[in-house]
Amino acid sequence: MNDAVMERLKQAEPVFYPNPHYDPKQIRKQADPKVDDAARRLERFAPFLSLAFPETETYNGKIESPLVHVPHLAHRLRAMHPFAGTLWLKDDARLPVSGSIKARGGIYEVLLFAEQIALSQNKITTDSDYAVFQDPAMQAFLSNYEISVGSTGNLGLSIGIMGRALGFRVTVHMSADARQWKKDMLRSIGARVIEYKSDYEEAVRCGREEAERSAHTHFVDDENSEDLFLGYAVAGMRLKEQLLAENLTVDASHPLFVYLPCGVGGGPGGVAYGIQNAMGPHAHCLFVEPVQAPCMLLSILTQTHGKRSVKDIGLHGKTEADGLAVGRASTLVSQKMTPRLDALFTTDDASLYTHLRLLYETEGLFIEPSAASTFAGPSLVQTWGQYPAESLHGANHILWATGGGMVPEKEQRDFLAR
Ligand SMILES: *Cc1c(COP(=O)(O)O)cnc(C)c1O
């Protein structure tokens, strides 16, 4: 079975891989004190966020997105490949501040750094009103520090926008896949952007090395950061509240299936971890990757946890799903997710545009190509046969639409025309 999957990976053919290491006994409804701590930190920053980014007021200073019922999209998808249950879209493209899932983990890590410095220099206590982070004096103080990151684009945007809003100096090391408008936007708000002709891995390596030479620089390490992971994980308890508000339960006859686009893994890994802690083993998580960059599938299939690159199996790694153009998975996430993922699958680039357009036509929502990678998920689970057909009638499927909120209009039109 592994050999057959590996063969399809090498041929860049779409593949569905039921994870043989999946072990629901290890998934329990239980609070992780570190995730609770991250959630409380985000609440402390809510007064600052509502001042600096008034669009966060919808969720009282929280950076959160709507859970959208998408019956028209479901109808059209079913006409192609049937599946039972109710379809939802978690619209992270509509996340305030930076319009992608990176506004969860990336921004959390910037806020954490700001808080740690301010606490250590006695500028605040954890009981302070964090609106103080809007004060010019505080921002002048934080301008002595720098935040740096390597990115395919969206992480750089999130770190850059929040870093600059707090007064930090910001450097973003951008891989060749990154879109021009993201670099332009970052420069326009005063971030330093360093461009690389090579891929994401190289941009991260150079950024990490440069940051190590400076004592006042914090490098946001997308490949290894536990803080990023915890910031993403807060999504789980918030999703639970949104499901309750819709009167939805998660149990054996109402299983939840969540489909998450995966790049290096921190975003989907953190979110999946948070969801399972909040809702237990009937919350099933699946990752999807482009056929040219299936780094997490390769990592879990071979149990090499980030040691192997998709280039090692002959793939070039280039994809229209720029947010997922990652050749090597996060070691931390690969290990953590090995017993927790039901399955992983891949998708080709052409279907990204078909699905992106389908969502726009049926529900009027625009998302970017990476975020449209999940749409085959519900029908794949249906044909898989792992779950009894009766239970799938009560299922809720969530497509995690990871980004697209900041894509300029001209680019949106180009994407829709593809
Ligand atoms: C970054 C990103 C992802 C994947 O997140 P990782 O942490 O890299 O796995 C998915 N979709 C979009 C739009 C992204 O920007």
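In this predicted model, helices α4 (71–80) and α16 (377–384) each supply at least two residues of the lining of the largest pocket, and α16 gives the most, with 4 residues.

**Largest pocket**

- The lining of the largest pocket is made up of L77, M80, H81, P82, F83, H355, F375, A376, P378, S379, L380 and T383.
- By class, these lining residues divide into 8 nonpolar and 4 polar, with no charged residue among them.

**Second largest pocket**

- The second largest pocket has a volume of about 180 Å³, and of the 16 residues that line this pocket, D177, D199, K311, H316 and G317 are the closest to its centre.
- The lining of the second largest pocket has 7 charged residues, together with 5 nonpolar and 4 polar ones.

**Largest cavity**

- The elements that give two or more residues to the lining of the largest cavity are α7 (154–165) and α12 (266–279), and α12 gives the most, with 3 residues.
- The lining of the largest cavity divides into 12 polar, 10 nonpolar and 3 charged residues.
- Both domain 1 (3–98 + 233–417) and domain 2 (102–226) give residues to this lining, so the largest cavity lies between them.

**Second largest cavity**

- The second largest cavity has a volume of about 90 Å³ and is lined by 13 residues, with L42, I63, A103, R104 and R238 lying nearest its centre.
- Helices α5 (102–120) and α11 (235–245) each supply at least two residues of the lining of the second largest cavity, and α5 gives the most, with 4 residues.
- In the lining of the second largest cavity there are 8 nonpolar, 2 polar and 3 charged residues.
- The second largest cavity lies between domain 1 (3–98 + 233–417) and domain 2 (102–226), because both domains give residues to its lining.

Conventions. Residues are numbered from 1 along each chain as its sequence is written. This is a predicted model: local features need pLDDT of at least 70, side-chain atom pairs count only at pLDDT 80 or more; totals for chains, interfaces and linings use all residues. Side-chain values use heavy atoms; hydrogens and water are left out. On a 1 Å grid over the protein atoms alone, a cavity is a set of points where a 1.4 Å probe fits but cannot get out, and a pocket is an open set with protein on both sides within 12 Å along at least five of seven lines; lining residues have an atom within 4 Å of a point. Ala, Val, Leu, Ile, Met, Phe, Trp, Tyr, Cys and Pro count as nonpolar, Asp, Glu, Lys and Arg as charged, and the others, Gly among them, as polar. Grid points are joined across faces, edges and corners, and a volume is the space filled by probe spheres set on the points. Domain bounds come from an automatic or database domain assignment.
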